[in-house]
Amino acid sequence: LSDRLTSVFTNLRSKGRLSESDINATAREIRVALLEADVALPVVKGFIENVKERARGVDVSKALNPAQQVVKIVNDELIEILGGETRRVRFAKTAPTVIMLAGLQGAGKTTLAGKLARWLKEEGHTPLLVACDLQRPNAVQQLQVMGERAGVPVFAPEPGNGVGDPVRVAQSSIIEAKRAQHDVVIIDTAGRLGIDTEMMQQAIDIRQSTQPDEVLFVVDAMVGQDAVNTAQAFMDGVGFDGVVLTKLDGDARGGAALSIRQITGRPIMFASTGEKLEDFDVFHPDRMAGRILDMGDILTLIEQAQRQFDEEEAAKMAGKLASGEDFTLDDFLQQMMMIQKMGPIGNLLGMLPGMGQMRQQIDQIDDRDLDRVAAIIRSMTPGERAEPKMINGSRRARIAKGSGTTVGEVSSLVTRFFQAQKMMKAMAGGMGIPGMPGTRR
Ligand code: GDP
Ligand code: MG
C-alpha cells in the first residue's frame, strides 16, 4: 500500500494548487491502493468520496502545499473511519461486568483473555477468567496457563465431569464471581476454523444466558479480505459491541481494520501485538492510520517535494554558487529572500555543507532588516551590484542617503556580502553542494 501511495504523492508534489483533475487522478490511485490492501470495495468507495469532498473544500491559500493537503485529508479521513477517539470498556453499574470473547479458532481469543485479565488487574480490577471453550481438549488448560501468567484465577468445569456444557459453566461463573467478589468476568469461548451454525448458536446461547456488558469480536488482522465476511457473520449471528485486532505484530496490511470498522459500525477497541501478555494496548486510530499510510515515508516525500519546490531558483542559485566568482549583491539579496521565503525548507538548505554558515548570516537579519537590506541594494547602481569592490566611502554615503539608511548599515552589508562571496568561492573550489544541480562534488 505504502509504495502505491508513495507514487501518488510523488506525482502530486510541487503543483501549485489542487485542481479537480488532480483530485480525480489522486482518487483513482488511492482507490487502487486501498483495494490492493484488501479494503472492501464499498468501504473504498465511501472513503474516496469523502476524500474528494474534503479535497474540494480545501482552502488552497493555506500554508500547506497540495501534497501535504492530500496527506492530511487522507490521514484525517482514515482516523475518522477508524473511530476517532478510542472507546473504553463499559463497566456494569452492578458487578460483575461481563466481557465475552467471540471469534474464529486461532483468532487469539484465549491469548486475549489472558491479556485483558492482566490489563484489568493492573487497572485495579479483580477479574475472573472463564473457560467456555470445551470443544478442544487443551483449551481449558491453555486458559489456565494464561491465568497463571496473569495472576488471575480461572473458572472451569471440574475435570473428569465428562464434556461440560459451556452455557452452564458461563452461568455458574457469574454466581462464583459474585461470591468471590470478582468485578469483571472474562468469558473465553470456542471457535471453529470456519463459520459454523452450531458454534454460532453456542455463542448466542452463552450471550443470552449471561447478558454480557461487552461482546468483543476477536479477529486476526492477517486474514485480509476474509475478515470482512467473518465480521459480518458474527455481527449477524451472536452480534458484538467492539472489535479486537490481533497479530498486528505481523505485517498485516491494515485493510481489515478499515473494512470491519466501516461495515459493522463497531469500534475497534484493542490491539494485540504478540504472544506475550504485555503485547497489548488499547486501539489507537491515529497509529493505525499512520500504519496504513506509512506516514514516515510520506513525510519524507513531502520534504523532498519542498526541497524541489522552486527548483529553478535553486538551480540558478546553484549555478552562481558553483562559479563563486559571479556571485553579486543581486544574488545575495535574491538568496536571502529565497531562504526566508522557504522558511523551514531554508533550514533544510542550512543542513547542506557550507550552507549552515550562510544560514547563520541570514538568520541575523530579521524581516525589517531584510527590507532595509533590499532598499540598500536597490539604491546601488547595476555596476556597484555586480562589482561591489568599487563601493568606496562617497558611494556608501550616496547609497545610505538614497535608501534612508546609515553609512554604517551600508558598510556592514558590504562586509557581510564579501564574507558570503568568500564562502561561495571556497565551496566552488572544492566540495560543491550534494543534491544541487549544477554544483561539483
Ligand atoms: P483462539 O483459538 O482464538 O483462542 O486463539 P489463541 O489465543 O489460542 O491463539 C492462537 C495462536 O495465535 C496462538 O499460538 C497464540 O500464541 C497466537 N497469538 C495470539 N495473539 C497473537 C498476537 O497478537 N500476535 C502473535 N504473533 N500471535 C498471537
Ligand atoms: Mg482459544
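Two residues are in contact if their C-beta atoms, placed from the backbone, lie within 7 Å. The structure on display is a predicted model, in which local features need pLDDT of at least 70, side-chain atom pairs count only at pLDDT 80 or more, and totals for chains, interfaces and linings use all residues. Residues are numbered from 1 along each chain as its sequence is written, while chains are lettered from A and ligands numbered from 1 in the order in which they are written.

**The whole chain**

Begin with the chain in cartoon view. Its secondary structure comes to 20 helices and eight strands; helices (H or I, at least four residues) and strands (E, at least two) are DSSP runs, numbered from the N terminus. Of the 441 residues, 41% are buried. A residue is buried if 20 or more other C-beta atoms lie within 10 Å of its own, exposed if 12 or fewer, and partly exposed in between, with C-beta atoms placed from the backbone. Among contacts between residues at least 6 apart in sequence, 77% join residues at least 24 apart.

**The sheet**

Next, select the strands. They form an open sheet of eight strands in the order β3-β2-β4-β1-β5-β6-β7-β8, with mixed pairing. At the edges are β3 (154-155) and β8 (280-282), each of which pairs on one side only. Two strands pair if DSSP finds at least two bridges between them.

Select β4 (184-189). Six of its six residues are buried, so β4 is largely enclosed by the rest of the structure. Both of its faces are covered, with V184, I186 and D188 on one side and V185, I187 and T189 on the other. Strand β2 runs parallel to β4 and is joined to it by six bridges; L128 has V185 in β4 as its bridge partner. Strand β1 also pairs with β4 in the parallel sense, over four bridges, and I99 stands opposite I186 in β4.

Now move to β1 (residues 97-102), which runs parallel to β5 (residues 214-220) and is joined to it by four bridges. Here A102 has F217 as its bridge partner in β5.

**Helices across the sheet**

Axes are lines fitted to C-alpha atoms, for helices over the stretch in contact, and angles run from 0 to 180 degrees between N-to-C directions.

**The ligand shell**

Centre the view on ligand 1. Which residues are the closest to ligand 1? They are G108, K109, T110, T111 and S272, in a shell of 17 residues; a residue is near a molecule or strand if its C-beta atom, placed from the backbone, lies within 6 Å of it. Helix α5 (residues 109-122) supplies the largest share of the shell, three residues. By class, the shell holds one nonpolar, 11 polar and five charged residues. Ala, Val, Leu, Ile, Met, Phe, Trp, Tyr, Cys and Pro count as nonpolar, Asp, Glu, Lys and Arg as charged, and the others, Gly among them, as polar.

**Backbone points to inspect**

Most residues other than glycine have a negative phi, and most peptide bonds are trans. Select A95 and P96: the peptide bond between them is cis, with omega near 0 degrees. P96 lies in the loop between α4 (66-82) and β1.

Q181, in the loop between α7 and β4, has a positive phi near 55 degrees. Is Q181 buried or exposed? Q181 is exposed, with 10 other C-beta atoms within 10 Å. K247, in the loop between β6 (242-246) and α10, has a positive phi of about 60 degrees. K247 counts as buried, with 22 C-beta neighbours inside 10 Å.

**Helix α10 and T264**

Select helix α10 (residues 255-264), where eight of the 10 residues are buried, so the helix is largely enclosed by the rest of the structure. Among the buried residues are L258, I260 and R261. T264 also lies in α10 and is buried, with 20 other C-beta atoms within 10 Å. Not counting residues up to four places away in sequence, T264 touches A231 and M235. T264 and V243 are 21 residues apart in sequence and 9.5 Å apart in space, C-alpha to C-alpha. After α10 comes G265, with a positive phi near 70 degrees.
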